[in-house]
Structure formats: C-alpha cells, structure tokens
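Please consult the sequence and the structure as you read.

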Amino acid sequence: MRNAATCLALLLGLSAASSFAEGPRDLWFFAESPYMDDAAQLGIMTNVVARAARSGYTGLAFISGRDNFGNWSEVACRNNGTEEFVSRHVGLDALWRMEPGRLARFKALKRCCDAARIDFIPLVWSVGYDSPGLDDPNRVACWPSPDVPYVAKGGRAVFAGEPVAYDAHALDNPCAGPTNRVGRWVTTVSFAVKPMRRYRVSAEVRTDNLLCAPRINQGVGFHAGGTAEDGSYRTYVCRYVRMEPTQDWTPVDLDFHSESATNISLQVIAAWNEGGRFEVRNLVVEEAPVEYVVRRAGTPFVVRDAETGATYAEGRDYAAVPCLDRISFCRPKHPLELRLLPGSAIREGAKLKVSAYEPRVTFGVQYSSCLSNPELYAYLRRSAEALEREFGLRKWFLSLDEFRVGCRCELCERNGKSYAEMYAEAVTKMRAIIKAVRPDAEIFMWSDMVDPDHNGKKNYYHCRKTFEGALAGIPADIVMVPWWGKKAEQSVKTFSARGHEVIGGGYYDLKTLDKVKENVDTWLRALKQTPKSRGILYTTWTNGRDGGNYTFLEDFARLVRENW
C-alpha cells in the first residue's frame, strides 16, 4: 500500500501529461519480468510507472508469469478450504494458484497505474508457451510415442531400447572457434533413427576463452536435423547451452522426436562466436524411454504384447500409470516402469510395446498447449472470471506469439483442421470468453502467427500442419500488435485491409539513441499508412528485476510525439 501511495504522491507533483491531441491513442510501455517477487521489485516498477506518466504513456503491458522457463518453486496453499500447489512461476492467468503476497503486490501495481491514468494490461493465455500448463500440465501439446519396446522382468516392465549406431569419437577433437563469423557448424555426426521415437543426446563440453556476442543464444549449440517425409529439411531440435568463456567439462543433454525421419545429423556450433575454442567428448546417442505420460482426452495409453498383439489392461495387468505432474525442462529424467500386478497376464520375459503421448518441446525449454482440448477453454473461462473480479480490466492482451509446437493427439488429428483453422477458432473462443465477463473490453494480440509475412506459414518449427490463412478467421475488432520491424509496412497494410486496428511493437532493446530513432521512424512510417493505426509500444525484452531496459523510455515517447 505504501508503494502505491508513494507513486500517487509522485504523480500529484507532476505537470499534466501531454494530451497527444494529434498523437497516438495508445502509447504503451512493456515489462517482460515484473514478477512481483518482493516489495523491492514493486518499488522499482512503481518508479518506472511514474517515469512513464511524466512522458505521456497510456498503458503498461506486461508478462506476469514465467511460462515454463526456469526452476520450479512450489508451496502448498489453502484456498477456500482446499490445499493445492501455488508456484512462483504462475501468472495472472491462474490467480487461484498465485501466492497471496504476489497477488497483493500486483494489485498494488494496478493501483499505482490507476493513479497515473495508465492502463494495466497483463498479457494472458500464452498457448504458444503453455502458460495454461502451469495450472494443469496435461493441457500440453503432445506427440505419440508408439510401440516403444519394453520387456517384463522381475515383476516390472522396463524399457528395452535398441542401441544407436554412430561414430562415438566424431566429436573428440578440439574445435577451434571461427573469427568474426556467425554460427558456423563445427562438426557433424549422423545416425539412423526410427520414425516417431524420442532420442536423447548427451555429451560433455569444455570452453577455452570462447568469445561470444552478448546474445540470448550465446554459448555452444546442438542442432539435430534431417529430411522429412515430404523431402524438406527439418530441424528436430536446436538447443543452446549457456557457457562461461572458460568453463571446465560440463554435462549437457537434449531430447528430440524423430518425426518421420530415418536419419538424423547432429551438428555442434559456437553460437555468435567471435573467437576461442571448445571441446566436446563422451558423446552418447540413445533411444529414450517413455517418461512423461500425458493423460487426458485424446491421449490413450496402451500396452500390447509384441508377439501376439494382445492388449493388457491398466489396473488389472499393471498398476495405474500416473499422469504428467508438471511441465519443466529442468526436471530430472524419470524412465517409466510398469509395476505388474498379481495375476497379471503379462508373463516374465514377455516383449511389450508401450504407446503413450508425451510433451513435445523446442529449444529444450518451450512447450505449447493443445488447442483441441475442451478443458483448455474451461480453464480460460475460469481465468477470465477471476481477472475481471480481481482487476476489472478494460484492455486484454492475448499473448499468442510463437506457437512453435503443434499437437498430434487424437483430438487434433481427428478434426482434420489445419493449425490456421484451429488457431483462429481458439482466438475467436478467447474473444467470446472475454466479452462474456467484460462486454466493453478491448482485445489486443501479438500478430505473428496470423501474419502471412511473419510466422503464419507452412513448416513452422514443430507444426506439421500449416498456419497459412489463419488471419481470415480472426475477428476484425481484435487489435493487432505486429513486432517485426523489417516487415512493419507490409504487416500494417495487411491488417488494416481486413479492418484491424494496429499498434506497432517498437524499440526492442537497442543500444544507442540513433538506433532508437531509426526504429521509431520505421514504425511511424508504417503506421502512417492508415487511420487504423492507433499507437505504438516501447517493447523491451531485457530480463531483470526492473522488468526491462528503460534507458530510452523518455526519448522514445518524445520521438513518437514529435514525429507521429
């Protein structure tokens, strides 16, 4: 409460913000990580709000949870007499799972925004990063792992994968880093795989004066790719391991799904490397067992006899198999074993085929949600009701970017729809859910997955079906927020032609004022094409307790005001 009062006192001493009588209707600033973990972070954000108010900003758009990144930290919490977990990751999507102290700090931040006449705009429902999975992990997009080999042994059924043939010493030689080159492939190891199986690659890496540009994906990267059934080259996994410039032998591993491939090439790179060297040793490639079983509609778990084809019954022949309990890339490996029950028809030594559905991941950290699961929309309705009850939002920002992992559960396969159709239907349902609790709500969304000049295309990461044509199914009253500056003019033109208003996603953590001015010029040149343009967003993705990089917060607003 004191932070909100302090913010109000600061604001009362300010001159009235610019009216922007002929300027943008919406001038927002973004916060990537104001997670409200403690009072100090709340204080940092209230100060940023005060700065923004002085510069005439009208909205704070922010991420309130960590999606699926980082280490989990959970505690039990009693809500309405029911004990359930709460996570320091969970955002305003799932208020019933949020620790009470964090929720109180978010409410204090909203009071500060209200006093500053700045809209409080949390990004919600990030199906591309599976934020709904923090409430129930079995909402995750998953792929089948069919006929994984198991064998009955000593009262249990255990994984019995076959060895993978490859040159185990292919990476044993030191790899000198390139000079002033970007992302050079260093070496390649090829091996045969079975279609629709999970594989694990592990190794040890050591660096020596490895000079990497300060980028998110700096360090040593592992890239696995191959030829898909349609003849195109597909990336099956790409994961970068953050390394110190000089670091002793460090174990790394990554899992990937073979999809339709029968041969995979594993390549090792130094990401954005500017010098130095690194070494890789003790490479191991192996088929992975079933580990994380998704249990929901459309994800049957089946155990069959490999020789007779007989199907065994859960609860009669083997003990119940638990469902996925959480989504986290850092969780320990836990191979599934089946406990055989007394009187089981599974005989000792029997060869089995276990078929399950497991989460699909990209970059080693990103999961998506299943858009066909009816439980997803029940969750969204509960979320909308809670958000309206606790915050009374006027503006809702759908965080629908970068949907990189498609789902291949039976629900998604049976509906016969493209991802474009499923995605547009999901957005339409989200709009209806919001309007049901707040009829006058304004709805905004990241636009990349419906933009034909951005990510709305074929062969997008781990999505077998196309996103082409998704825009045709999006309600025209949803305001689009494009964020790829190089395509700004074309994106604005495309959305305006369909009747959508547009807010430009500018800035993106530039280093100098000249670069910021160039960025503002790019977006304003695009936005001036149409009266459908209503504003611009100071978009910072720099992680930190202050929510982002606000070095140019005032300069950005001034440049917009002078040149709108």
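Buried means under 20% relative accessible area, exposed means over 50%, and partly exposed lies in between, with a 1.4 Å probe and protein chains only. This is a predicted model, in which local features need pLDDT of at least 70, side-chain atom pairs count only at pLDDT 80 or more, and totals for chains, interfaces and linings use all residues. Residues are numbered from 1 along each chain as its sequence is written, and side-chain values use heavy atoms, with hydrogens and water left out.

Q: How many salt bridges does the count come to?
A: A salt bridge is a side-chain nitrogen of Lys or Arg within 4 Å of a carboxyl oxygen of Asp or Glu. By this rule, the count of salt bridges is 43.

Q: Is R431 buried or partly exposed?
A: R431 forms a salt bridge with D477, and their closest N and O atoms are 2.7 Å apart. The relative accessibility of R431 is 25%, so this residue counts as partly exposed.

Q: Which helix holds R431, the partner of D477?
A: The pair links distant parts of the chain, 46 residues apart. D477 is in the loop between β21 (442–446) and β22 (479–481). Helices (H or I, at least four residues) and strands (E, at least two) are DSSP runs, numbered from the N terminus. R431 lies in helix α6 (residues 419–437).

Q: Is R408 buried or partly exposed?
A: R408 forms a salt bridge with E413, with the closest N and O atoms 3.8 Å apart. E413 has 32% relative accessibility and therefore counts as partly exposed. R408 has 17% relative accessibility, so R408 counts as buried.
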